[in-house]
Structure formats: C-alpha cells, structure tokens
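Here is a short briefing for a first look at this structure. Start with the view below, then take the topics one by one.

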Amino acid sequence: MDQPLSLKLASLCQISQYKLEHILSQCGEKADLIIDPVLIKPLERICGVTWLRQHGIDKIYKMDPQLGSTSNTRRIYFIPACIKKYKCVLDQISSLLSLNPAQADAKCFNIIIVPKFVCTFDSILENKGLYEIVKLHSFSWELMRLDDQLLSLEVPFLYKQLYVEKNQSLLSSIAMSLWSLFHVIGKPKCLMSLGKMSSSVLDLLEVYNETFTRDFVSNNTDDIGAVLVIDRDQDYSSSLLTPATYSGLLSEIFNINCGHLELNVKETKLKKGKLNFTTSKDETAKTAVMSLDSSIDHLYGEIKHRHFSEVLSVLSSKAKLLKNEDIKALGIQEMKQFVATKLQQVTLFKQNLVNHVLASETIISEMNNKFENLTLTESEMLNNRNKRANFTYIDEHFGTDVHMHNSLRLMCLLSLTQGLTYEEYNSLVHKYLLAFGYKFLYVFNNLITSGLLVQPSSPKLSLSNLSNLSDRLPKWQTEFQTVANKLKQLPTKSESAKSPSYVFNGGYIPLVAVICNALLTSESLAELLTKLSALDDLKIGGSSVDKAKRGMESLNEKITNSNTKTDSEYGYRDAKTLLKTLKGDSRTMFTLKPRTVLVYMIGGVTYAEVAACDVIQSVTGSRIIIASDCIASGSDLIAANMMS
C-alpha cells in the first residue's frame, strides 16, 4: 500500500521536468541559462546539467548584476518572482541592447519566473520599453520530496509576500500545487482549512475544479483520507519556540536549502546574527554538504526525530559497531567480496557519521549551556507564569547577548503568550535600535503586520479610561492560554512519554499535531468538531462531510441546497455552524479511510512540527504527510520580516 503512493509522489518531479521542457522548447535553440543562486538546488532536483544541455542550454551562469557578455546572444534568465531581482534582469538586458541594438529584433531574451509572473511584471516590462523584446514564462514546479513523507514547494520568499507585504497574488501557486497533487494521488474525502489564506486556497480549488474539469484525469484510488490546509500565523508559537529534536536544532544552527545542509561550523546562523562576533571569516574552511534525506542517509533517518539528548549516545554506539568490524581477519576471497559489496556503503556511512558528530558538537558549542534556561523561560511564557522574570531574561538578552534574529524572536514569543506593556515594548525596541541602528525601525512594523508581534496601546491617564482598568490588570490566563488549554496543547508533567510535546522539551504540542490527532481518533463528525471547537477560522468539507450533513438536512434544506448550490467536490462549511447542526448526534459517521492525512502549511513548516506529527502517526497507526512552501525555522521567519 505504501509503495504505490511513494511512487506517485516521486512522479511529481517528472511533471515538473515536463513543464520545464515545454518552456525551453519555446525559447529557441542553443541559449545560455543565467540562474539565480537561490534556485540552483531546487532545479537540481528537477533535472541535471546533462538534461539541460539536451534541451538547448549551452552554458550556465550564476545571476550577477555585473555579469558581462556570455558565449551566446540568446539568454534565458531563471529567477524567483521578486520585483527587485526582476528589475535587475531588465536593467541588464537594457544595457546589452544599448551596446547592440540589433538584438532587439532577434527577440533572444527569455525570463522564466518561479512560480509565476503577475500583471505587475508586464507593466514594468512595458515601462522599460522591452515589451515584445523580452518574453516572460511562468514555471510553477510541483511539490518536491525532501524526505520520507515531507514535501516542499521550495519558495521561501512566499512567506514575506503573503504575511508581511499582504500580497496574495502568488497564493494561486499553492492552490495549483494541491490541485496537481490531487491529479496524482486522487481527491481526498475530507478537506479542512484553518485561516483566511487556507480558505482562499479552497476557493481557488473550486475554481480550478470547475474550469479544468474536462482535463481532469479520473483517479478513483484512495491514497489520502483527509487534507488539512493551515496558515502559518495560526500557530506562530511552534515556529518561535526552541526545538529539542536533532533535525530542529540543525535548522536553528545551519543553513538548509532544498534538503541540503551546509555544514559550515565557522559561519553558523547564531554567529552571523551576533552584534560583535570576534571570529574572522576563514577562507580555507571547507563546507561539507549533508543530505537530510532518510533514503540517502539512513543514519539521519534514525536520529532526525530524536530528542537531542539521545543523539550522541546513538552516534557513539554506531561508532563502536564500526570499530568492532575487524577487516584484517578477513581472508582474500572475503576481502574481495567486502570490497565489491560493502566497502562503498561503509565509507559513506563513516562520512555521514563524522558529519553528524561534527554537527552535534557544533550544536552543543553554539547553545553554550543556554538551552535549559531558554526552554525553561519559554515554558514559563507558555503557561503565563513569572511574567516579570521572563521579561527580565529577555531584557538582559537585549542588553548583553543581543542577536539580530533570536532576540526579536523571544520578544515576539512573550508578546504572543503573555503580552507586553507599553513601557516594556518601548524599552526592548529602544535597546535593539541602539544595538543595530535606527535603520531597522521598519522591522517592528513588519512584525506587527505579519502577526508575530502584538503592539500594546498607549496608556491614557484620563477618567474615561478608568472603567477599563480591569483590562490592564494581570490575568491568570491570556487568550493564548485559553485556546491552548481547550486544545490541550499545554501538557502536564504526568503526560505520557509518547506525547508529541517532547519536540519542545515537554512544554507545548504543535497545533498541526493536535488537529491530526483529532482527525484520526474521532469516531463521529460531531466529536471531531467538538474537539476543535476552540478554533475560529476552521472550515471543513468534502464527500465524507457531505454525506454526514445530508443525513441531518430537513426537506426544506434539501430543496434550498438543490436550487442554490452547485455540486462541488471542494465545497466546505464553517465548522462551528456545522457543529450546531450536528449537536446531539453521536453516530459513527466519520471514519477516516484510508488513515492517511496530508497537512499543507502555508508560510513554512518546522522540523519540530514534522517530528510531532511523526509521534501522532506512530500512536494512531496512521500516515501523515507534511507539505509546505518551504521548511523554515523561527529565525528564518524573523529574517523574512527584515528583508527590505
């Protein structure tokens, strides 16, 4: 049962390759490819250099504003959907045309934009006087398999556009990736959305289903039981908290691009973000590249979801096994057999072991005994305890150990869980700007816009405000704790060792794990909706929900629905409204078959959330596939808010 689904997911790469082949066929023969460095790794997953040469690419260059002449006059630019980079390419083309105006008639410039270009790009092209000289192409590649049950669209710039800039023009790319996925694995019986953007994605799926219905290949296989589409801002805590798993800490320390980790111990994320780092850049330092794919590195597959405290003991036991393997005792024939069959595997395993030991040592040295104090403070924030001590910890962090990203991350977590007073907010902002400069004042506005930071209102010393005095007094529970307690995201110490809260050192259960657990353990639709009743923006639909609802409809409702509603595969309803309709009904009418759930996080998913879902699928005997537009840590989200 697992094998066919794995093969189907692997076929997504072939679909992307076919799309790229179609675009290159429109660009003419023998051209130079100029690619943005951010897109190199994703393109390598789709095709290789040999494949590109077979389809008309002669030379390949990295995108550089100062790039001079190339071997061919025909150029194909390969860039992300970024206005700044797009204008840079057009300026470069304009300078080339000023030197050789004859190229304008040859129409030898093509720009491939990932995931797509919008009408703004056409307007800029016309303003630059390059309309019909430069041809634009949209390349919306499919979800890429990075690891077992982990898919990514690998467009990390999408978070900034959606949440910071409030630009939803590329949201259709998320919907299209899901729509294409349903072509391959079949349509799910249940769809859920949590958040405004996720709801818009379901709306777009309806449009695609109606528009392209003739081209839809019928797929009656049951590979996915339910799909959950969720906005990143519905659970910012899971991205701001410090992870305790090995893979989670790797993403906190090292740069990861398209499932490949740069093992550069000289320039980690923590060192780069420090205000005063004394280490100078070592030009001779070599950067090893680790593949975070369990099918390639089996050792990583064994330790990726483990609590970091267990990793070194596992690595130590593996090293002892290698040491006990006595090759000298082998005879000549046995030695030949060993060289022919096992030598390459053992050599690769040794290299992977060395890399993981080095990565673990770097994590230990970088955290520098701060992990316990940090996780303890985060736990206090989550449970709304010791507000003054928590603020003092962050205030000292801003004053003595200020970090460009992680200091803001702590400030945002305190703001979301316990709140900041007007004076506390101004104090932290002032210290940060003194450290890094007032040029970063815009960052706080971006954090507020994206929902990562809650700006407190200015206190008003007036008699009319005395009636609201109770609102400013300390509360036993904030809104965050109220919702988290209803969803049982804040476990007690007596919780089972199998609780997914271990990913945050036992302090918090990610929201995606809570929803997946509810989906897989509920025996009726009413039970499912009751468990998730604390969620305001939850929508639910699909054939399984329609069947349950149809049994509860009155004659008048059936007549009304038949007259006013179209028969849509992706129709969904507000969960709270549906719960009122089903109130008092506890019949077993929501059995998830197959027991496979696809979670699609819009705005980046963390390795800690992946590990938490892995616990849920082990406990429930199910399968959970995680997909997103990128894999991101908390510092990555803060960094996205700092991009100008």
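A nonpolar core is a set of buried Ala, Val, Leu, Ile, Met, Phe, Trp, Tyr and Cys residues joined through side-chain atoms within 4.5 Å. The largest such core here has 199 residues. L20, F78, Y86, I111, Y246 and M411 have the most contacts inside it. The model is predicted, and its mean pLDDT is 85.

**Overall picture**

- The chain has 644 residues, and 52% of them are buried.
- Its secondary structure comes to 30 helices and 16 strands.
- Take the contacts with a separation of 6 or more: 79% of them link residues 24 or more positions apart.
- In soluble globular proteins, nonpolar side chains tend to be buried together.

**Confidence**

- A pLDDT of 70 or more is reached by 84% of the residues.
- Residues 214-218 stay under 50, and the model gives this stretch six contacts beyond four places in sequence.
- Residues 558-570 are also below 50 in pLDDT. That stretch has 16 contacts beyond near neighbours in sequence.

- Strand β3 spans residues 75-80, and six of its six residues are buried.
- Both of its faces are covered. R75, Y77 and I79 are buried on one side, and I76, F78 and P80 on the other.
- Strand β1 (residues 31-35) runs parallel to β3, joined to it by four bridges. Within this pairing, I35 stands opposite F78.
- Strand β4 (residues 109-114) is also parallel to β3, with six bridges between the two. Here P80 has V114 as its bridge partner.
- F78 deserves a look, as one of the residues with the most contacts inside the largest nonpolar core. Beyond four places in sequence, F78 touches L20, L33, I34, I35, D36, L39, L43, I112, V114, F139 and W141.

- The peptide bond from V114 to P115 is cis, with omega near 0 degrees.
- P115 sits in the loop between β4 and α7 (119-127).
- P115 is also among the contacts of S173, together with K116 and L153, leaving out residues up to four places away in sequence.
- S173 itself belongs to helix α9 (residues 171-185). Its relative accessibility is 4%, so S173 counts as buried.

- Helix α24 covers residues 511-521 and is largely enclosed by the rest of the structure, because nine of its 11 residues are buried.
- The buried residues of α24 are L511, V512, A513, V514, I515, C516, A518, L519 and L520.
- Where do the buried residues of helix α28 (residues 575-582) lie? They are A575, L578 and L582. Seen down the helix axis, they fall within an arc of 65 degrees, so they line one face of α28.
- An α-helix has 3.6 residues a turn, so residues three or four places apart point the same way.
- D574 caps the N-terminal end of α28. One of its side-chain oxygens lies 3.3 Å from the backbone nitrogen of K576.

**The loop between α23 and α24**

- Y502 is found in the loop between α23 (479-486) and α24.
- Is Y502 buried or exposed? Its relative accessibility is 18%, and the cut-off for buried is under 20%, so Y502 counts as buried.
- Y502 and R306 are 196 residues apart in sequence, but their C-alpha atoms are 9.2 Å apart in space.
- Beyond four places in sequence, Y502 is in contact with A244, T245, H305, R306, H307, A611 and V615.
- K488 is found in this loop between α23 and α24 too. K488 is exposed, with a relative accessible area of 66%.

- K488 has a positive phi of about 60 degrees although it is not a glycine.
- C258 is not a glycine either, and its phi is positive at about 55 degrees.
- C258 lies in the loop between β10 (255-257) and β11 (260-263). With a relative accessibility of 2%, C258 counts as buried, whereas K488 is exposed.

Notes. Residues numbered from 1 in each chain as written. Predicted model: local features only at pLDDT ≥ 70, side-chain atom pairs only at ≥ 80, totals over all residues. Heavy atoms only, no water. pLDDT = per-residue confidence, 0-100. Contact = heavy atoms within 4.5 Å. Buried < 20%, exposed > 50% of the residue type's maximum accessible area, 1.4 Å probe, protein only. Pairing = 2+ DSSP bridges. Arc of directions from axis to C-beta. Polar contact = N/O pair within 3.5 Å; in protein donor to acceptor, adjacent residues only side chain to side chain.
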